[in-house]
Amino acid sequence: MRLGGAFLLGLGVTATALAFGSRPLGVAGVGLLIAASAARIWAGLVRGGVSVAFTALPADAVEGDRVRVRVEARRSSRVPVGSLVAHGRLGRLGPFELRLRGHGRVAQGDLWLGRVPRGRFVLSDARIVLGDHLGLESISRELDPGEFSVLVYPRLFDIETLFSEAGRLGGQGR
């Protein structure tokens, strides 16, 4: 059986309270034991599946556009969570951490990338972390983002004329 830090602290405080006969310290120790046990039970109940969808907006981004990635998570468990955080890496843009907000089993958030240079930025090392309301227990799940990537096209300019009449001697620059 794996014991968490809060549970071990509760055991230590309770043992100290018993050794010194301190009732207020005993109440704090028992409270820590109850909180750690409740967090462990919560972790067992929330272990259902989580599906996460990533969407790049705008879909046809051009270099210099402000790009964002919408992340939407759907949980199968009805047990409430204190926090839902998505982690990952978007190619050479680097790692990101995004706190998702929502109600019930659906949470979403927007990762603003700003003005992105052209290129393809593949999502890797994706995972989601579910935390309890007290911050004592967290569950980390690896995600399979599939082939999700942010694709930014180069900016194209309209060329009005292919050749210029400006040459060394008038019309000889053709």
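## The core

Let's start in the middle of things: the largest nonpolar core here has 31 residues. Val69, Leu84, Leu90, Leu100, Ile128, Leu130 and Val150 are the ones with the most contacts inside this core. Keep in mind as you look around that this is a predicted model.

Who supplies the core? Strand 6 gives the most, with 5 residues.

Leaving aside residues up to four places away in sequence, isoleucine 128 touches Val50, Val52, Ala73, Leu84, Val85, Ala86, Leu100, Ile139, Ser140, Arg141 and Leu143.

Helix 1 covers residues 5-20, and at 1.5 Å a residue its 16 residues should span 22 Å. The C-alpha atoms at its ends are 22 Å apart, so the model agrees with that expectation.

Ala6, Gly10, Val13, Thr14 and Ala17 are the buried residues in helix 1. Seen down the helix axis, they fall within an arc of 100°, so they line one face of the helix. What do they pack against? The buried residues of helix 1 pack against helix 2 (23-45). On the face turned away from the buried side, you'll find the exposed residues Gly5 and Ala19.

After helix 1 comes glycine 21, which has a positive phi, near 70°.

Now for a couple of spots along the backbone. The peptide bond running from leucine 57 to proline 58 is cis, with omega near -5°. Proline 58 sits in the loop between strand 1 and strand 2.

Aspartate 125 is the other one: its phi is positive, about 50°, although this residue is not a glycine. Aspartate 125 belongs to strand 6, and it counts as exposed because its relative accessibility is 58%.

## A buried serine in a loop

Is serine 77 buried or exposed? This residue lies in the loop between strand 2 and strand 3, and at 9% relative accessibility serine 77 counts as buried.

Not counting residues up to four places away in sequence, serine 77 touches Leu45, Val46, Gly48 and Arg105.

Notes
Residues are numbered from 1 along each chain as its sequence is written. This is a predicted model: local features need pLDDT of at least 70, side-chain atom pairs count only at pLDDT 80 or more; totals for chains, interfaces and linings use all residues. Side-chain values use heavy atoms; hydrogens and water are left out. Helices (H or I, at least four residues) and strands (E, at least two) are DSSP runs, numbered from the N terminus. The expected span of a helix is 1.5 Å times one less than its number of residues. Buried means under 20% relative accessible area, exposed over 50%, partly exposed in between (1.4 Å probe, protein chains only). The arc is that of the directions from the helix axis to the C-beta atoms. Contact means heavy atoms within 4.5 Å. A nonpolar core is a set of buried Ala, Val, Leu, Ile, Met, Phe, Trp, Tyr and Cys residues joined through side-chain atoms within 4.5 Å.
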